[in-house]
Amino acid sequence: MSEIIFVLNNVASPQRLVDSVKTAYSIESKIHVKAFIITKVSGMAAQTGLPEASKYAYKLGRPLIILPTLKDAIELLSPAKTILITKRSSNSRSLEDLEPTTEGVLMIVVSGSDGEFSKSELALGEHYHVPAFTYLTPSASIALSYYIV
């Protein structure tokens, strides 16, 4: 894969939103971060986090896309593969086991809340966890998943 799209799903904290955008767009590597998408944004994140994150992305000339649901993001961008970074469970695989692909865009979805994805969201992609961690903030999930992939 030559491009990655990050999705921050279900975020209410402005600090988590801004930190996640800054982390994703600070990555310098041969694999290009094509876009950052925010879905199910609510509360203070919608009121103060979105303007600050938009300003940051605009200054870098990078796309920041806000959509109502994860399903909308997948339908709009049609990634070759969608993975959801979840807590370790019997239904998730280690991110180290993700098979590399050279074709298409990889969409990596992280949760912006302390809770997990809904059942309908879990049905939209493959489940992976970051090994050696039981809990990660969204920005840490973004950085580690990029590094491991």
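Reply: First a term: buried means under 20% relative accessible area, exposed means over 50%, and partly exposed is in between, with a 1.4 Å probe and protein chains only. This is a predicted model, in which local features need pLDDT of at least 70 and side-chain atom pairs count only at pLDDT 80 or more, while totals for chains, interfaces and linings use all residues. Residues are numbered from 1 along each chain as its sequence is written, and side-chain values use heavy atoms, with hydrogens and water left out.

Me: OK, what is the strand order in the sheet?
Reply: The sheet is open and has seven strands in the order β3-β2-β1-β6-β4-β7-β5, with parallel pairing. Strands here are DSSP runs of E with at least two residues, and helices are runs of H or I with at least four, numbered from the N terminus; two strands pair if DSSP finds at least two bridges between them.

Me: And which are the edge strands?
Reply: They are β3 (64–67) and β5 (93–94), each of which pairs on one side only.

Me: How many bridges join β1 and β2?
Reply: β1 and β2 (residues 32–41) pair in the parallel sense over eight bridges, and I4 stands opposite V33 in β2. β2 also pairs with β3 in the parallel sense, over four bridges, with I38 opposite I66 in β3.

Me: What sits between β2 and β3 in that unit?
Reply: Helix α2 (residues 43–60) does, and β2, α2 and β3 make a right-handed β-α-β unit; right-handed means that, with the strands pointing away from the viewer, the path from the first strand over the helix to the second runs clockwise.

Me: Switching topic, how many aromatic pairs does a search of the whole structure find?
Reply: The search finds two. In one of them, the rings of F6 and Y146 have their centres 6.5 Å apart and their planes at 45 degrees, so the pair is tilted. For Phe, Tyr and Trp (its six-membered ring), rings pair if their centres lie within 6.5 Å, and planes under 30 degrees apart count as stacked, over 60 as edge-to-face and the rest as tilted. F6 lies in β1 (residues 3–11) and Y146 in helix α5 (residues 138–148), so the pair ties together parts that are 140 residues apart in sequence.

Me: Is Y146 buried or exposed?
Reply: Y146 counts as buried, at 11% relative accessibility, and F6 counts as buried at 1%.

Me: Which other residues of α5 are buried?
Reply: Besides Y146, the buried residues of α5 are P138, S139, S141, I142 and S145.

Me: Now charges: how many salt bridges does the search find?
Reply: It finds four, a salt bridge being a side-chain nitrogen of Lys or Arg within 4 Å of a carboxyl oxygen of Asp or Glu. In one, E121 and K40 meet at 3.2 Å, N to O, and this pair links distant parts of the chain, with E121 in helix α4 and K40 in strand β2, 81 residues apart.

Me: Is K40 buried or partly exposed?
Reply: K40 counts as partly exposed at 32% relative accessibility, whereas E121 is buried, with a relative accessible area of 8%.

Me: Which residues are linked in a network?
Reply: K81, R93 and E126 are linked in a network of salt bridges, and the side chains of K81 and E126 meet at 3.8 Å, N to O.
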